[in-house]
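Trainee: Could we go through this structure together, one question at a time? I would like to see how each answer is reached.

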Amino acid sequence: MHILLTGGTGLIGRALCRRWLAEGYELTVLSRRPQSVASLCGRSVRGIGQFRDYGDDPLDAVVNLAGEPIADRPWTHKRKAQLWASRITLTEQLLEWLEGRTQKPSVLLSGSAVGWYGDGGERELTEESPSVTDDFASQLCIAWEETAQRAEALGIRVVLVRTGLVLAPDGGFLKRMLPLFKLGLGGPVGSGRQWIPWIHLQDEIALIDFLLRREDARGPYNACAPRPVRSRDFASSLGRALARPAFMPAPAFILRLLLGELSGLLLGGQRAMPARLQAAGFTFAFTDLDTALGDVLKPKDV
């Protein structure tokens, strides 16, 4: 299988490359630094700087995960423009390139996030649920999905993966949380009641592979474990995994003062459920948060 990845040098992309290289796939990664792709993703992975650099080689699938990190700095007007361009504008460029290809891939799997729903409060959210609040993160995800969906008109099957918070040992939001929690200074965010939809990196990689192979899979899928937890329970679980106290809350007014509009991403949440994945027969390896964190945080030589 010949696969083109955007965002292939990120946390999820690198893990996908490891899995698919082991299966003998031919992988190409679009990157702003194509010369670094082999060292980050695997020696046999080809790096390209523009879509046209792919050439006329066969192409079976596109996995579109590119996007600037959404929570690493406040949402100024400039930052919002960067977040928009790295997702929507790049996906538009991808569609324009695909339209000009004679041989088109059979499937486009495009990234999204549970932020599509906005702050869902206590509602249980499945893929059939409408978006709840119209914040920037929701607008971004909705536009990203609508852009990717246009590939259906080219005869390409489109899968949309709405990912929750990914638990991984070497990146993602957990890496940013660990220093405080290791010092015993971690705790719930705001009220601690908001829901956190989480997923182990191993399950994220497995479900992307599952949806790519399943020819009847199309449309949105919630990529999160079937047992979301509240912020306070997440903090307690992480504290147990590190054998540290976790009772120092991050007050909502402080977050709003420091982060502005971005604080809504932390103070809100989604009680998202992977209804369509489970109906399709996907089995999660990690459904319990304590077990998932224990696996992620175990010493690397274990």
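Trainee: How far apart are the closest N and O atoms in the salt bridge of Asp72 with Arg79?

Mentor: Keep in mind from the start that this is a predicted model. Side chains of opposite charge can pair when their charged atoms come close. Here Asp72 and Arg79 form such a salt bridge, and the distance between the closest N and O atoms is 3.0 Å.

Trainee: Is Arg79 buried or exposed?

Mentor: Residues under 20% relative accessible area count as buried, and those over 50% as exposed. Asp72, at 35% relative accessibility, therefore counts as partly exposed. Arg79 has a relative accessible area of 3%, so this residue is buried.

Trainee: In which helix do Arg213 and Asp209 both lie?

Mentor: Arg213 forms a salt bridge with Asp209, with the closest N and O atoms 2.7 Å apart. An α-helix has 3.6 residues a turn, so residues three or four places apart point the same way. Arg213 and Asp209 are four residues apart, about one turn of the helix, and the element that holds both is helix 6.

Trainee: How many residues apart are Arg240 and Asp290?

Mentor: Arg240 forms a salt bridge with Asp290, where the closest N and O atoms are 3.0 Å apart. This pair links distant parts of the chain, since Arg240 lies in helix 7 (residues 231-242) and Asp290 in helix 11 (residues 289-296), and the two are separated by 50 residues.

Trainee: In what order do the seven strands of the open sheet run?

Mentor: Strands of a sheet pair through backbone hydrogen bonds, either parallel or antiparallel. In this open sheet the pairing is parallel, and the order of the seven strands is 3-2-1-4-5-7-11. The edge strands, each of which pairs on one side only, are strand 3 (46-48) and strand 11 (219-223).

Trainee: Which residue in strand 7 is the bridge partner of Ser110?

Mentor: Strand 5 (residues 107-113) pairs with strand 7 (residues 157-163) in the parallel sense, over seven bridges. Six of the seven residues of strand 5 are buried, so this strand is largely enclosed by the rest of the structure. In strand 7, the bridge partner of Ser110 is Leu160.

Trainee: Which residue of strand 5 stands opposite Val63?

Mentor: Strand 5 also pairs with strand 4, again in the parallel sense. That pairing runs over four bridges, and the residue of strand 5 opposite Val63 is Leu109.

Trainee: Why are the buried residues of helix 5 said to be on the same side?

Mentor: The buried residues of helix 5 (residues 172-182) are Phe173, Leu174, Leu178 and Phe181. The face turned away from this buried side carries the exposed residues Lys175 and Arg176, while the buried residues pack against strand 8 (165-167), helix 7 and helix 11.

Trainee: What is the value of phi for Ala243?

Mentor: Most residues other than glycine have a negative phi. Ala243 lies in the loop between helix 7 and helix 8 (252-259), and with 61% relative accessibility this residue counts as exposed. Although Ala243 is a residue other than glycine, its phi is positive, near 55°.

Terms used: Residues are numbered from 1 along each chain as its sequence is written. This is a predicted model: local features need pLDDT of at least 70, side-chain atom pairs count only at pLDDT 80 or more; totals for chains, interfaces and linings use all residues. Side-chain values use heavy atoms; hydrogens and water are left out. Two strands pair if DSSP finds at least two bridges between them. A salt bridge is a side-chain nitrogen of Lys or Arg within 4 Å of a carboxyl oxygen of Asp or Glu. Buried means under 20% relative accessible area, exposed over 50%, partly exposed in between (1.4 Å probe, protein chains only). Contact means heavy atoms within 4.5 Å.
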